[in-house]
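Have the structure open while you read.

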Amino acid sequence: MSRGGRGLAAERAPALWLCDLAAAAAPLDRLDQHIGLLSAKTGGSPHTSSEQKRRAHIALRALLAGLVGVDRARQPFEISAAGKPRLAAPQHVAAVVGSVAFSLAHCDDYALIGLSLGGDIGVDLELRRGIRIGPERRALLEAAAVRLAKGVALPAGDGDGRFLQAWVRLEAVAKATGEGISTLLGRVGARGRLAAPVAGDNGANAGFDAIDIKLPETLDAFAAAAFHGAADAGAGAKLQKLPFDFESLERLAAGRWSPMSATCPLAAGRS
């Protein structure tokens, strides 16, 4: 597995990948046919109820293959009791490989993928839509989202946009902790503040911060990521666009450049 001469220390910042599933549809389908990333062994049928959801999972496994190899990326994920997927690593695999964490968010023709070598990660993506929610509950959730981002304010002057940015922060933290959004919202509680973490509870925030992800202006959507120390180190997590051509995707899945790299050379400059 090639690292292109880069040490792991330079790759500790989480990697964030934005996937245009419509633009990359044919190359992703071809990649799956070529190396078989998605099959019955992955724990899901290669023909899901949504073709774009299937392609989002191909993209995720292609990125994982670039880190742990195609054979490992094909294997079923381990699923926690709360539904959080993890990459299962055999005993003989190095600890750094076994510690690869990931998160996937899919919305229509787009997917957002987060990868981390330094602990759990959560990402979420929402396209703009109208929001119908009572003012009191809206205020409660928005206030919780601000706290989870260490006080970073939500966008001003855009009611639906403000709430959607709050929501992706909450979802990202819930995915990072592995507790799920329902449990997280339960911890927000009617008191209007985060409940104290329970000892041993996976829902304890324990250093997980949410950061907003700046998306291309042409995409009217909202995104966030959550990982340990995100509010302090978030600037190191660079958003990249998944390549649209088969050759670049094949090289990425083969590990010819690291999916954790801050610059994806063959994807650079793509619109």
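In this predicted model, strand E1 (residues 15-20) and strand E9 run parallel, joined by three bridges. Along that pairing, Leu18 sits opposite Lys241 in E9. Zoom out and you'll find both strands in an open sheet of four, in the order E4-E5-E1-E9, with mixed pairing. The edges belong to E4 (101-107) and E9 (239-241); each has a single partner strand, so one side of each is left without a neighbour in the sheet. Going from one strand to the next, the twist averages 20°. As a bit of background, strands of a sheet pair through backbone hydrogen bonds, and they can do that parallel or antiparallel.

Now for the helices. H1 and H2 pack against each other at an angle of about 60°, and their axes are 10 Å apart. The crossing of H1 past H2 is left-handed. Here's who meets whom:

| Helix | Range | Residues in the contact |
|---|---|---|
| H1 | residues 25-35 | Ala25, Leu28, Asp29, Leu31, Asp32 |
| H2 | residues 51-68 | Arg54, Arg55, Ile58, Ala59, Ala62 |

By type, the residues of this contact split into six nonpolar and four charged, with no polar ones.

One last stop: Gly130. You'll find Gly130 in the loop between strand E6 (121-127) and helix H5 (135-148). Is Gly130 buried or exposed? Its relative accessible area is 57%, so Gly130 is exposed. And what lies across from this loop residue in space? Asp160 is 30 residues away from Gly130 in sequence, but the two are 6.3 Å apart, C-alpha to C-alpha.

Conventions:
Residues are numbered from 1 along each chain as its sequence is written. This is a predicted model: local features need pLDDT of at least 70, side-chain atom pairs count only at pLDDT 80 or more; totals for chains, interfaces and linings use all residues. Side-chain values use heavy atoms; hydrogens and water are left out. Two strands pair if DSSP finds at least two bridges between them. Helices (H or I, at least four residues) and strands (E, at least two) are DSSP runs, numbered from the N terminus. Axes are lines fitted to C-alpha atoms, for helices over the stretch in contact, and angles run from 0 to 180 degrees between N-to-C directions. Buried means under 20% relative accessible area, exposed over 50%, partly exposed in between (1.4 Å probe, protein chains only). A crossing is left-handed if the near helix is turned anticlockwise from the far one by less than a right angle, and right-handed if clockwise. Contact means heavy atoms within 4.5 Å. Ala, Val, Leu, Ile, Met, Phe, Trp, Tyr, Cys and Pro count as nonpolar, Asp, Glu, Lys and Arg as charged, and the others, Gly among them, as polar.
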